[in-house]
Amino acid sequence: MGILAQFVFCGYMLAVCGGAVRLSGVSVSSRTSVVSARGLTKTYPPGKAGSAFTAVDAIDFEVHSAEAFGFLGPNGAGKSSTMRMIGCVSPPTGGTLQILGMDAADSGKRIRARIGSVPQDDLLDPELTVGENLLIYGRYFGMSRIAIAERSAELLEFARLTDKADARVQALSGGMRRRLTIARSLMNTPDLLLLDEPTTGLDPQARHLLWERLFELKRQGVTLVLTTHYMDEAERLCDRLVVMDHGRVVATGSPRALIDTHVTREVLELLIEPGTGAAVAARAYGVADRIEVLADRLLCYTDDGERALARAHERGLGGLDALVRRATLEDVFLYLTGRSLIE
Amino acid sequence: MQLSADGVTQAWRYWLLRYRRTWRGTIVISVANPALFLAALGFGLGKLVDHEHSAYLHGSSYLAFLAPGLLAAAMMQTAYIESAGPVHVSARRAGVYRVATATPLSPLDALLGHLLFIGFRILTSATTFAIVAWAFGAVPASRVGPLVLAATLTGLAFATPVAAWAVTVERPALLNGGFRFVIMPLYMFSGTFFAVAQLPGWLQAVARCTPLYQGVQLCRSVSLGDADPLAVVGHSSYLAVLVVGGLAVGARTFQRVLTA
Ligand SMILES: Nc1ncnc2c1ncn2[C@@H]1O[C@H](COP(=O)(O)OP(=O)(O)OP(=O)(O)O)[C@@H](O)[C@H]1O
Ligand SMILES: [Mg+2]
């Protein structure tokens, strides 16, 4: 984003946030546990062809009040399955799950009344208008006509969809639908907000705007649980997160702690011709603590990137484009979810 | 299994909101359809049939014989159309039941709310049909009310079992198959157009066991005014058992599919 655009964007953000609506009614401040899972398991029954499948395999985690908690993991890791169990739409098949001080096994209805949920596939009603989608949802929560009207107006403003209130959902772009889904999840002023890949399909500006809104909700005491494939999002938004793979938790901690624990401080990236990875890696062996080969890059993990770069030059790799950067969650993710590693 | 009156009401109101967009079209269809059938078959074919003064017709005109049978069959068809496709679609990945069950509503609320709407559609279609039949002189005004009730019961006897099944269906082709291989044969061979007694013996026995036969007999005896109280109780009980059985199974299948 150019400086000018950034300036305009910030101004816009200030304008929007300045007159911000209070999106939540909670004011919990103590560090109580909002979600607590012990040995949480989801085994799907065997389908027509296959056998039973364990998508979530005895995981433990604890979400504290008013924090943003993230699930990170590759496709099929079991993130959505976990989110659906927290949302009390899919019962656990093993372990215990406490949400907002209630047991998910027998208080689903009361829990759902206090949860907002943004499912991975929007679940909007394409036959109805934007406003009608909010109306229906508000009714499901037993809200009065007046309360629904007021809340809808606020939330449409929030999602910048006010001028689309009477448009059919069918006619919305993918990003607009996502924003509507997020707005809808706030209809019941939830204490706990579940967001399954909330910003997938949003343009950068809408993403940043949503982040601001999520920060605001957090300040108001709403607990956020989210999944994402965007590492920058996880780093910015999440106070703590777990990395999942094959239905198991492979690491837990704050983004900073995860980086400190699992990867080195810096990374030397060497850009390579596709297909030459193994050969280049063999020559680079020893320049860093660990080397990872991607299709178009070598990632050399080291606490001193400049020194690794100098060593690479010594090995005659000076001809490659190189860059030294700080390690990010992306590196943690690559490490933990097991791509091919050359130590 | 959880149930709340408020949840059911809100689930029902969802379907009403959607119906607001299409109700005009459905009213036109539910008037035009019986009018066309009664005109063509009742008047046209009836002229041919009435010559014979057949005992099979309960001593009435073919039009008066046909109208209640056609009504019962039409309610079966309406019930199938309203509960097979819509229930199937609503239960799939991004369907409207999935939205409802993420809120305080339970799968049972979603089922009953939808069935209330389906019942409402059957009731309104039966009413317009019966009024058209009355306008054709096929049924006296005093029997329109009881006839509508009998026809609605017939429709519901299909709606609840079909909903209970449709929620579990994964391939929509099955729903078309159900229509072609179950609903259509029932339509033809349950005494809608001719008395079952005219069928060959073994087919007669089969026909008498079908739910549509029970509905047709109920509607016809109510409409012609020659109802034997015992038979009315028999037919009604048969249909009521289907309604309740469909509900009981549906409560289970909805719970199972919507909380996978
Ligand atoms: N209803 C279901 N029945 C059977 N298997 C399922 C069901 N839902 C998910 N699965 C399987 O469980 C595994 C985990 O799925 P899940 O949707 O939880 O993954 P995810 O981490 O959210 O992935 P993504 O990043 O692609 O959204 C997958 O292998 C998937 O095929
Ligand atoms: Mg997912």
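A residue counts as buried under 20% relative accessible area, as exposed over 50%, and as partly exposed in between. All views below show a predicted model.

**Figure 1. A nonpolar surface patch on chain B includes Ile27(B).** Trp23(B), Ile27(B) and Val31(B) together make this patch, with an area of about 230 Å². Ile27(B) belongs to helix H2 of chain B, which runs over residues 23-50. The relative accessibility of Ile27(B) is 32%, so this residue counts as partly exposed.

**Figure 2. Helix H1 of chain B spans residues 5-19.** The helix has 15 residues, and the distance from its first C-alpha to its last is 21 Å. This is close to the 21 Å expected at 1.5 Å a residue. Buried residues of H1(B) include Gly7(B), Val8(B), Gln10(B) and Ala11(B). Tyr14(B), Trp15(B), Leu17(B) and Tyr19(B) in H1(B) are buried too.

**Figure 3. Gly137(B) sits in a loop between two helices of chain B.** The loop runs between helix H6 (107-135) and helix H7 (144-166). Gly137(B) counts as exposed because its relative accessible area is 59%, and the cut-off for exposed is over 50%. Gly137(B) and Tyr62(B) are separated by 75 residues in sequence, while their C-alpha atoms are 12 Å apart in space.

**Figure 4. A negative surface patch on chain A includes Asp303(A).** Four residues form the patch: Asp289(A), Asp303(A), Asp304(A) and Glu306(A). Asp303(A) is in the loop that joins strand S13 (297-302) to helix H11 (305-314) of chain A. With a relative accessibility of 44%, Asp303(A) counts as partly exposed.

Figure 5. Side chains of opposite charge can pair when their charged atoms come close. One such pair is Arg207(A) and Glu233(A), whose closest N and O atoms are 3.5 Å apart. Arg207(A) counts as buried because its relative accessibility is 13%. Glu233(A) is buried as well, with a relative accessible area of 0%. In the other pair, Glu212(A) forms a salt bridge with Arg236(A), and the closest N and O atoms are 3.8 Å apart. Glu212(A) is partly exposed at 28% relative accessible area, and Arg236(A) is partly exposed at 38%.

**Figure 6. Arg325(A) and Glu269(A) form a salt bridge.** The N to O distance in this pair is 2.6 Å. Arg325(A) is part of strand S14 (residues 322-326) and Glu269(A) of strand S11 (residues 266-271), so the pair ties together parts of chain A that are 56 residues apart in sequence. Both residues are buried. Salt bridges with shared partners join Glu269(A), Asp296(A), Arg297(A), Arg325(A) and Asp331(A) into one network. Over all chains, the count of salt bridges comes to 21.

**Figure 7. Leu123(A) lies in a loop of chain A.** The loop is between strand S6 (115-118) and helix H4 (130-140). Leu123(A) has a relative accessibility of 10%, and therefore counts as buried. Leu123(A) and Thr181(A) are 58 residues apart in sequence, yet the distance between their C-alpha atoms is 7.8 Å.

**Figure 8. Cys88(A) and Arg160(A) have positive phi values.** Cys88(A) is not a glycine, yet its phi is positive, at about 60°. Cys88(A) is in the loop between helix H2 (79-86) and strand S4 (94-99) of chain A. At 11% relative accessibility, Cys88(A) counts as buried. Arg160(A), also a residue other than glycine, has a positive phi near 50°. Arg160(A) is in the loop between helix H5 (145-158) and helix H6 (174-185) of chain A. With a relative accessible area of 27%, Arg160(A) is partly exposed.

Terms used. Residues are numbered from 1 along each chain as its sequence is written. Chains are lettered from A and ligands numbered from 1 in the order in which they are written. This is a predicted model: local features need pLDDT of at least 70, side-chain atom pairs count only at pLDDT 80 or more; totals for chains, interfaces and linings use all residues. Side-chain values use heavy atoms; hydrogens and water are left out. Patches are made of residues with over 30% relative accessible area and no salt bridge: like charges are joined within 9 Å, nonpolar side chains (Val, Leu, Ile, Met, Phe, Trp, Tyr) within 5 Å. Accessible areas come from the Shrake-Rupley method with a 1.4 Å probe; for residues, only the protein chains shown count as cover. A salt bridge is a side-chain nitrogen of Lys or Arg within 4 Å of a carboxyl oxygen of Asp or Glu. Lys and Arg count as positive and Asp and Glu as negative; His and the chain ends are not counted. The place of a charge is taken as NZ of Lys, CZ of Arg, CG of Asp or CD of Glu. Helices (H or I, at least four residues) and strands (E, at least two) are DSSP runs, numbered from the N terminus. Buried means under 20% relative accessible area, exposed over 50%, partly exposed in between (1.4 Å probe, protein chains only). The expected span of a helix is 1.5 Å times one less than its number of residues.
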